[in-house]
Amino acid sequence: MRPIVLQVEDLTIHFGGIQALEAVSFYVEENRIAGLIGPNGAGKTTVFNLLTGVYAPDRGDIYLDGRSLLGKKTYQRCQAGLARTFQNIRLFKDMTVEENVTAAMVAQYSYPLVSGLFRGKGYRRDEKDAAMRAEELLELTGLAGSGHLMARQLPYGQQRKLEIARALATRPQVLLLDEPAAGMNPAETSELKDMIRMIRDRLSISVLLIEHDMNVVMDLCEYIFVLDYGRIICRGQCQHVQNDPKVIEAYLGGEMNGVHA
């Protein structure tokens, strides 16, 4: 077993009288791709919102590299090494592709106010470094040569990739992907899988993804956690999960897209 980089313990939250999550515990190992799956309404995005500080849990804790994230704001969790994408694409549509990526780097550079106002040496150095890093991330995500385009000009599949590139610009230890293959055709999905593996290998980061396409999950993930009605009902490697009776029942044999259900 590799070192654990993200640890979730006993995560519980209620919305009014509705219990959304109950005692959810799981972990993500260093340099691994893990999946968080479950039927619609199981609580998957709620988990991501708790991880990133959108919600505060009623009970439980979240540890990133051994340090608790409780009480930290969303931007502080991002600075600590947790980045995410969204189920619905959220880009700065009227900024260029490169600007979308460099905007995520702002907190990583520090130069005196005067240098920024007058475009001094420190400002120019950081701007050059940010542009170089953006170019590298665009190449990694298959967007090389698109930096000058407005984000809204990109096809849907490339907008998905841009959102991932922007998340990577924050230098995360763990990348949270919320349905990255949603709306993609088979060719785009295949490219996405290759890209996620390359990101893990080249940048040495961990990935936790929510995904409804079970072919993507089973092909990519080295470990899977299954949520149903706000509880973890199964955990393990693909072979174990896809043959578990509780998982098959939760998906009613249909939503698993023909993967052994």
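**Reading the fold**

Reply: Among contacts in the protein chain between residues at least 6 apart in sequence, 68% join residues at least 24 apart; a contact means heavy atoms within 4.5 Å. This is a predicted model, in which local features need pLDDT of at least 70, side-chain atom pairs count only at pLDDT 80 or more, and totals for chains, interfaces and linings use all residues. Residues are numbered from 1 along each chain as its sequence is written, and side-chain values use heavy atoms, with hydrogens and water left out.

Me: How many helices and strands does the protein chain have?

Reply: Helices (H or I, at least four residues) and strands (E, at least two) are DSSP runs, numbered from the N terminus. The protein chain has 10 helices and 10 strands.

Me: What share of the residues of the protein chain counts as buried?

Reply: Buried means under 20% relative accessible area, exposed means over 50%, and partly exposed lies in between, with a 1.4 Å probe and protein chains only. Of the 261 residues of the protein chain, 49% count as buried. Accessible areas come from the Shrake-Rupley method with a 1.4 Å probe, and for residues only the protein chains shown count as cover. The accessible surface of the protein chain comes to about 12500 Å², and 50% of that surface belongs to carbon and sulfur atoms.

Me: How should I read a sheet, and in what order do the 4 strands of the open sheet lie?

Reply: Strands of a sheet pair through backbone hydrogen bonds, either parallel or antiparallel. Two strands are said to pair if DSSP finds at least two bridges between them. Here, 4 strands form an open sheet in the order 2-1-4-5, with antiparallel pairing. Strand 2 and strand 5 (67-68) are the edge strands, each of which pairs on one side only. Strand 1 (residues 4-15) and strand 4 (residues 59-64) are joined by 5 bridges in the antiparallel sense, and Q7 stands opposite Y63 in strand 4.

Me: Which strands pair with strand 9, and is each pairing parallel or antiparallel?

Reply: Strand 3 (residues 33-37) pairs with strand 9 in the parallel sense over 4 bridges, and L36 stands opposite F225 in strand 9. Strand 9 and strand 10 (residues 231-236) run antiparallel, joined by 5 bridges, and V226 stands opposite C234 in strand 10. The hairpin of strand 9 and strand 10 has 2 residues between the strands, and in that hairpin Y229 takes a positive phi near 50°.

Me: Is strand 9 mostly covered or mostly uncovered?

Reply: Strand 9 (residues 223-228) is mostly covered, with 5 of its 6 residues buried.

Me: How many disulfides does a search of the whole structure find?

Reply: A disulfide is a pair of cysteine sulfur atoms within 2.5 Å. The search finds 0 disulfides. For C238, the closest cysteine sulfur is that of C221, 6.5 Å away, which is too far for a bond. C238 is buried, with a relative accessible area of 15%.

Me: How many salt bridges does the structure hold?

Reply: A salt bridge is a side-chain nitrogen of Lys or Arg within 4 Å of a carboxyl oxygen of Asp or Glu. The structure holds 14 salt bridges. One of them joins R59 to E22, with the closest N and O atoms 3.3 Å apart. R59 lies in strand 4 and E22 in strand 2, so the pair ties together parts that are 37 residues apart in sequence. R59 is partly exposed at 38% relative accessible area, whereas E22 counts as buried at 16%.

Me: Which residues are linked in a network of salt bridges?

Reply: The network links E29, R32, R200, D201 and E222. Within it, the side chains of E29 and R32 meet at 3.3 Å, N to O. E29 is buried, with a relative accessible area of 11%, and R32 is partly exposed, at 27%.

Me: Which residues make the nonpolar surface patch of about 360 Å²?

Reply: Patches are made of residues with over 30% relative accessible area and no salt bridge; like charges are joined within 9 Å, and nonpolar side chains (Val, Leu, Ile, Met, Phe, Trp, Tyr) within 5 Å. This patch is made by F15, I18, V54 and Y55. I18 lies in strand 2 (residues 18-29) and is exposed, with a relative accessible area of 58%.
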